[in-house]
Structures are given as C-alpha cells and as structure tokens.
Amino acid sequence: MTDLAIVGAGPAGLSASIYAARAGLSVRLYEKALPGGQMNNTESVENYLGFPGVLSGPGLIEQMVQHVRRFGVEARTADICEVRQDGEAFELVGVKDDPRARSVLIATGSHPRLLGIPGEQEFTGRGVSYCATCDGFFFQNRKVVVIGGGDAACEESLYLARICDRVTIVHRRDQLRAVDILQRRCFENPKIEFIWDTVPVEFSGDTAVRSVRLRNVKTGAESDLPCDGVFVYIGNIPNSGIVRDLVALDEGGYIMVDLELSTSIRGIVAAGDVRHKSYRQIAAAVGDGCVAALTAARWVLGGI
C-alpha cells in the first residue's frame, strides 16, 4: 500500500511529492493531463522568489518536474473519479495499480468558470477562449474582448495587447479588482480600452464569433460590440468532485481545511487552488504542498 497518494501534479502536488519523499514515505503522484495545471496556460511568471527574470509557466513547471524526479517520483497518468474510505486506508477509483493509500493529498486545482450565456458553448474553440497563451496566436492583429477585471483578466489582456490590434476589457464593475501594478500597466497600454458596468449577454457569429451583445448593469441598455475573439476570465471552480461525498466543502465547493491543511477526514489533506481560502498563487501552492505533505507524514509515521 502506498503511504501517500497525491492527486494533481500542479505546483502544490509537485512540492508535496518532494517533502513526502524526503520524509521517507512511498509516494504516488497522479495527473490526468499534463503536469503543471493552470501554469501551462501562464505566459509569464515574474513573482516567484529566486527567479528574478521573467519565466514562462511551462518553463517553470519543467524545472519543478525535473526537481521532483531527483527524488524518484514520476507523475503517473490516471483519471481518478473518486476517493473512497476503506477502513483506515483510502481507495483511488480509476487507478489500476496500487489503488490504496494510507493518506491522500488532494491538489486537483480548479477550472475556469463559464458565463453560461447563449452562444458560449457554440463558439468555444471558434473565437471564445479561456486561455490567451493557448489561443492568442490565432488573433494576431485582430480585435478581441476580455471579460473580467481581476488579475487573470489584466495579465492576459497585457499579453494579448502584444499580439492583437485592440483589446477591450469588459467589466461588470466601475473599477478593476486586479493588483495595482497590473491595473497601471493596463491603463498605460494604448492598445487596451475599457467598458465599465457592463456584462456580456450573448455571443453571435457564423463559423466563428463576430460580436458580443453587451448590457449595461446600471441602465439596462444593450449594444453589440464587433470582435474577432473573446477571452473569459470570471473566476474558477474547484476540482473537488472526487471527494465531494467524503470531506467537508464550503458553499463554493472548495475543500475545508485547518491550519495544517487537514480536511474533515483524518488521512486526507488538501493543497493549492482546490482548498478553501487559497490565494491561488504559485508560491502559495508550493507552500501548501510542503505543509500538507508534512502533515500526512506525521500521520503515516505514527505522529499526531
């Protein structure tokens, strides 16, 4: 039986695997797609301590993966659909080999929240995107719209402004929610303009999206904004479904944890974006991985 099964190979899971391996635990690290999670969609990282230059998200993840391999841990591909309690151990449904573990760390992250408006599903992949670094290349010298006003919306707008002819940020409030430095960069960029107090209500087009129907939240007035692409950044939803029937979740579906990142079930810890009150930053996720792994190690090795 594995001492610690880590579900999710983003920065939290990768960090946890190092600390768990160094503590002498047998570790299995599982990821259903590529290691790195949402970092694979991050064009630049400039606030990770020890790297004063600007790194790409995939570049930083590759260094993390190489670091983990030094400790004999390799990410395994598995689409785990549920974690079940099995006496004093846990079973990972979807794992063919070694499906049982003494402890489990949930580091499954989150995924983009959808608008849920007409045309969104129809035009996803045909002009509607949730990842500028993935799809921005296809909109060179075009006019695009960014929905949102937080850090992600501003970061991706700045990236798109280097590629596109014009970037229009549409935000439901009258001011941005992003950190000050990102706000300043957006306001100072001549390619970025803003539409305040407004929400999208429909995407329209033919073979691809051609316009966004907008509604002013204060006046109710509607208008059509022609565009070649739309990038949506309105928040995230936690990927906590594999333990939703096992541990306590908050009203948003995030996993409730204590200061040691223990969940409501002894033997299960949670780290990174999937947990309650995460800062959703790379550095925070790496720190979470350390804390969660050491908590699991104390359980497995006979501590508290």
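1. Disulfides first: a search of the whole structure turns up 0 of them, where a disulfide means a pair of cysteine sulfur atoms within 2.5 Å. Take Cys227: its closest cysteine sulfur belongs to Cys164 and sits 11 Å away, too far for a bond. Cys227 also counts as buried, at 6% relative accessibility, and Cys290 is buried too, with a relative accessible area of 18%. (Buried is under 20% relative accessible area, exposed over 50%, partly exposed in between, using a 1.4 Å probe and protein chains only.)

2. Before you read on, note that this is a predicted model, in which local features need pLDDT of at least 70 and side-chain atom pairs count only at pLDDT 80 or more, while totals for chains, interfaces and linings use all residues. Residues are numbered from 1 along each chain as its sequence is written, and side-chain values use heavy atoms, leaving out hydrogens and water.

3. Now the sheet. It is an open one, with 3 strands in the order β12-β13-β14 and antiparallel pairing. Strands here are DSSP runs (E, at least two residues; helices are H or I, at least four), numbered from the N terminus, and two strands pair if DSSP finds at least two bridges between them.

4. How do the strands connect? Between β12 (residues 198-205) and β13 (residues 209-216) there are 7 bridges, and a hairpin of 3 residues joins the two. Thr198 has Asn216 as its bridge partner in β13, and Ser204 has Ser211. Ser211 in turn is bridged to Pro226 in β14. β13 and β14 (residues 222-226) share 5 bridges, with 5 residues in the hairpin between them, where Gly220 has a positive phi of about 80 degrees.

5. Last, the aromatics: the structure holds 6 aromatic pairs. Rings of Phe, Tyr and Trp (its six-membered ring) pair if their centres lie within 6.5 Å; planes under 30 degrees apart are stacked, over 60 edge-to-face, and the rest tilted. Phe139 and Phe231 make an edge-to-face pair, 5.5 Å centre to centre with 80 degrees between the planes. Phe139 is in the loop between α4 (132-135) and β9 (143-147) and Phe231 in β15 (residues 229-232), so the pair ties together parts 92 residues apart in sequence. Both are buried. Elsewhere, ring pairs link Phe187, Phe194 and Trp196 into a cluster.
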